[in-house]
Amino acid sequence: VTCLPGVPLPEVAALMTRHRIHAVVVLADPSGSGEDDEEWGVISELDLVAGACMADSELPAGRVAGTPPVVVGREESIDRAAFLMADHQMTHLIVMEEGRPAGIVSALDIASVLAPEAAPAPQPRPDMKALSERNDDAAAFEELMRRYQSRLITVLEHLVGNRDTAEDLAQETFLRVYRSR
């Protein structure tokens, strides 16, 4: 699944949701009208979350996507892909074929190859929708914060490189979630 650099983040989020994927390849602008015509990259779900924390709701994918992308050839081994992910601290690589993006390999793809057999499905936990539909909105929101706050701060700290800024961004994210209910 691909998009052009000018596609707004809400549309990228819709692509990810519709296709049930965690990353989208952002292609170079074929019209040559962009400032970075040769650049292309990947926008992951973490990039999307970081972009959502910014004030601009129409932020284009090209401004958030990681560039240059880390790539792996279609014929390369799983070991090579795992090494590249670990070396670059990334969870998605673009698979290249004949000089063009042909797909994406994720850390979960690698984990599924390494797993001896599929683990039993975990017991379902209430999802965000079920939590938000409870009569006690305050308790539901506290549960969401308890469940996701530390993970969100960790992701944001990795993206921005500063713990205090990450905590501020996480707080702003939770405030936006609370206000949008």
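Tutor: A salt bridge is a side-chain nitrogen of Lys or Arg within 4 Å of a carboxyl oxygen of Asp or Glu. The structure discussed here is a predicted model.

Student: How many salt bridges does the structure hold?

Tutor: One of them joins the side chains of Arg80 and Glu76, at 3.3 Å from N to O. That distance counts because the limit is 4 Å. In total, the number of salt bridges in the structure is three.

Student: Which parts of the chain does the salt bridge between Arg74 and Glu97 tie together?

Tutor: The side chains of Arg74 and Glu97 meet with a distance of 3.0 Å, N to O. The two residues are 23 apart in sequence, so the pair ties together two separate parts: the loop between strand S4 (71-73) and helix H4 (78-88), which holds Arg74, and, on the side of Glu97, strand S5 (residues 92-97).

Student: Are Arg74 and Glu97 buried, partly exposed or exposed?

Tutor: Buried means under 20% relative accessible area and exposed means over 50%. Arg74 has a relative accessibility of 43%, and Glu97 has a relative accessible area of 37%. Both values lie between the two limits, so Arg74 and Glu97 each count as partly exposed.

Student: In which helix do Arg163 and Glu167 lie?

Tutor: The side chains of Arg163 and Glu167 form a salt bridge at 3.1 Å, N to O. Arg163 is partly exposed at 38%, and Glu167 is partly exposed at 33%. The two residues are four apart, about one turn of the helix, and both lie in helix H8.

Student: How many residues apart in sequence are Glu172 and Cys53?

Tutor: Glu172 has its place in helix H8 (residues 163-180) and counts as partly exposed at 28% relative accessibility. In space, the C-alpha atoms of Glu172 and Cys53 are 7.0 Å apart. In sequence, the separation of Glu172 and Cys53 is 119 residues.

Student: What share of the contacts with a separation of 6 or more is made by residues 24 or more positions apart?

Tutor: A contact means heavy atoms within 4.5 Å. Among the contacts in the chain with a separation of 6 or more, residues 24 or more positions apart account for 46%.

Student: What pattern of helices and strands does the chain follow along the sequence?

Tutor: The chain contains eight helices and six strands.

Student: At what angle do helix H1 and helix H2 pack?

Tutor: Two packed helices are described by the angle between their axes and the distance between the axes. Leu9, Val12, Ala13 and Met16 in H1 meet Glu45, Leu48, Gly51 and Ala52 in H2, and the crossing is left-handed. The axes of H1 (residues 9-19) and H2 (residues 45-52) are 11 Å apart, and the packing angle is about 145°.

Student: Is Ser106 buried or exposed?

Tutor: Ser106 belongs to strand S6 (residues 100-106). Beyond its neighbours within four places in sequence, Ser106 is in contact with Met85, Thr91 and His92. Its relative accessible area is 14%. Because that value is under 20%, Ser106 is buried.

Student: What share of the residues in the chain is buried?

Tutor: The chain has 181 residues, and it exposes about 11900 Å², with carbon and sulfur atoms supplying 53% of that area. Of the residues, the buried share is 29%.

Student: How much accessible area do Leu46, Leu159 and Val160 have together?

Tutor: Val160 lies in helix H7 (residues 137-160) and is partly exposed, with a relative accessible area of 39%. Leu46, Leu159 and Val160 form a nonpolar patch on the surface, and their accessible area together is about 200 Å².

Student: What is the phi of Arg20?

Tutor: Most residues other than glycine have a negative phi. Arg20 is found in the loop between H1 and strand S2 (23-26) and counts as exposed at 76% relative accessibility. Although Arg20 is not a glycine, its phi is positive, about 55°.

Student: In which loop is Gln89, a residue with a positive phi, placed?

Tutor: Phi of Gln89 is near 50°, a positive value in a residue other than glycine. Gln89 is exposed, with a relative accessible area of 59%. Its place is in the loop between H4 and S5.

Notes. Residues numbered from 1 in each chain as written. Predicted model: local features only at pLDDT ≥ 70, side-chain atom pairs only at ≥ 80, totals over all residues. Heavy atoms only, no water. Patch = residues over 30% accessible without salt bridge, like charges linked within 9 Å, V, L, I, M, F, W, Y side chains within 5 Å. Areas by Shrake-Rupley, 256 points an atom, 1.4 Å probe, with all protein chains shown as cover. Buried < 20%, exposed > 50% of the residue type's maximum accessible area, 1.4 Å probe, protein only. Axes fitted to C-alpha atoms, helices over the stretch in contact; angles between N-to-C directions. Left-handed = near helix turned anticlockwise from the far one by under 90°.
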